[in-house]
Every structure is written in C-alpha cells, then in structure tokens.
Amino acid sequence: MKIGIIGPEGSGKTTVFSSLTGLDLEGFATRGPNLGVVGVPDDRLEVLSGMFNPKKTTPAEITFIDLGAAGATSDKLSAITGALADCDALAVVVGGFLPGDAAGSLDSYLLDLTLADLSVVENRLERIDKDLLRGKKESASEKPLMARLQETLSSGRRIAGVELSEEEFKTLRGYQFVTRKPTLVLANVSESDLGKSVTESISEVAGAQGLPTFELCAPLEAEIAQLPAEDRTAFLADYGISDSARDRFIRAAYALVDLISFFTVGPDEVRAWSIPRGTLAPRAAGKIHSDIEKGFIRAEVVAYDDLIASGSHQECRAKGQLRLEGKNYVVQDGDVIEFRFSV
C-alpha cells in the first residue's frame, strides 16, 4: 500500500513523513518526493514467528510518499499527477500548530483539490462536445457521467461520494481524480495541543467531507521514531501511551483502504501479506508471485486463531480446521495459507 502525503504549504508534511518512516530529516528533498517503506505492525506475525522460529520474519509493508511543496496547492497538482496516480490513499496534513485558522486552511485546501478535479472534468466535457460536433460519437456515452461529476464537484463535494455503475467505474479508471482516492486528514498539532479543541475544529471540516481525522505531534513522533526500540517503549510509557502514533496511523490507513492481512509460514520465513478485503485466493497467491496465481491449484487454509489454539498444522488437520479451498475462496483476515500450484 502506498500513501501520498500532501497538504498546505508549511503544514509540516516532511516532518510527518519523518515521524511515520523513522527516517532522519537531514538530507530530505524539501520539494519532494521522498519515499519511505515501513513494516505494518501486527502482533499476530510475532506470535507466528515464535511458533515457527523461521530464519526471517517479514511484515507487510506500507510506502509513504512525501510529495513536498510540489503538492502544496491545486495549481501545482499537475506536476505530481504521476506520483498521485501511484498512491492507494492520501493523507492531507494540516498544520494545527500554526497561528491562525487551521480548520479554515484545511477547508481551503480541500476546495483546491476539488477545483483541480473539476478542471479535469470540464476539460473532458469540452473535448467530448468538440468530438460530437465533428461527428465522433465514441465518447458520447461518457458525457452523462462527466456531467454528474461536474455537478458534484461544483457543489464542493468529492467524487468518492458518487455512486457508480460497474461500467462507470471502468470508465473512471483512466482518470486520476484526487478526490476519488481514500483520504485521511492528519492534524499536525503542537505537543501542548494534543487532544484539544484545535483538532476538533479540524475534524468538523474533515467530517463535512466524510473524511476521518488523525492527530499527532510530528516533531514528537519523529523524535520517538529515532529512538532505539527499548528506549522507545520506555518513552511511550512515560506518556501513558501503549503504541506510537505511527503504528496507530498505519492501522487507521489499513482501515481506510479496507486492507486485510494473510500469512505464509515455514522454517525459512514467516511473512504477512496485505490485500484488499474480498480478494479471491488466486489473486492473493499472485501477491507472492505471478506464477503462483497462474498455476493456482488450491489453497490449504487455517484460521490464525485455530492454529494458535491447536499449536500446529498437524493438530489443526486432525481437528478438521485445515481446509482445502479453490479458486472462488475469498481470503479472510488472519488466514494462514499454503498455496499449491503448477507451472
């Protein structure tokens, strides 16, 4: 999963990026993009690793893309269209630590994003009309959809809220609309303002667009991320916090995009894999390798809870908890799977 970090200029996007990735700010490009890959925290992975004692334990990964000042305003969005297209979700950072109206700044920026999409829609409608005048009717069926999007965006609403038919959904695949992507608002506040009204006002603006809000103090979290693991735990305990904001944010992002994790286990490696909820077994196998998806025969599946309770695959097999599933099986969160395939 890839999350693009955007927001108004001066909101602290690069410091947020540092706090989420644990990478040092020194040497970062101030105008982006910067990339950082982190493991997705999952207690189940550690338990499985303890059970199988593999040579390597590999978490699912999430990539953060700091788009820097290039993504600060709508008139600059065209410069980062490619990077945005590669993102599964967006985090809009708003600087709650800055003097002034943070909620108003967010409202203005969200409007900028809406206007950027509106410009794309209006340009497309203009092109369709020109084609129709020339007798080219191939894109005529697209016009009603674009007109609906124009109405939605003109009223300040996001494309994500528009109900689409299967055919309309396919049509929009060729467009990189910013307001169609799952989006979370990240309130970057000062340490003294954590849990206070500044985030409430930001949440009100975000909520009006149906966007969830997440709060953190980026400089504090960046400091925590730089600490050794043992010191980090003690530092958080002093604040009465069990998890860092980074871990909580990653979980929130998982929920935003509706991802789940399945596991593969063995003496060489125990690994978590992230997939969209509702993924069929062959597509999940393709996450590991395309050859496994092409040559998929079946999946040997056991639920994580059953495996832990029973203590081994052999015991699960004896209890009838180990199942053979075919191509139409929908992978569930926490499934421990061994894929059988032939190429």
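Thr114 has a relative accessibility of 2% and therefore counts as buried (under 20% relative accessible area; exposed is over 50% and partly exposed in between, with a 1.4 Å probe and protein chains only). The model is predicted, so that local features need pLDDT of at least 70 and side-chain atom pairs count only at pLDDT 80 or more, whereas totals for chains, interfaces and linings use all residues. Residues are numbered from 1 along each chain as its sequence is written, and side-chain values use heavy atoms, with hydrogens and water left out.

Thr114 belongs to helix H4 (residues 102-133); helices (H or I, at least four residues) and strands (E, at least two) are DSSP runs numbered from the N terminus. Beyond its neighbours within four places in sequence, Thr114 is in contact with Leu153, Gly156, Arg157 and Thr179, contact being heavy atoms within 4.5 Å.

The largest nonpolar core comprises 36 residues, of which Ile3, Ile62, Phe64, Leu216 and Phe249 touch the most other members. Helix H10 (residues 245-257) gives the most to this core, namely five residues. Such a core is a set of buried Ala, Val, Leu, Ile, Met, Phe, Trp, Tyr and Cys residues joined through side-chain atoms within 4.5 Å. With residues up to four places away in sequence not counted, Phe249 touches Ile3, Leu20, Phe64, Ala91, Leu184, Leu186 and Phe214.

Leu184, in strand E6 (residues 183-188), is buried at a relative accessible area of 4%.
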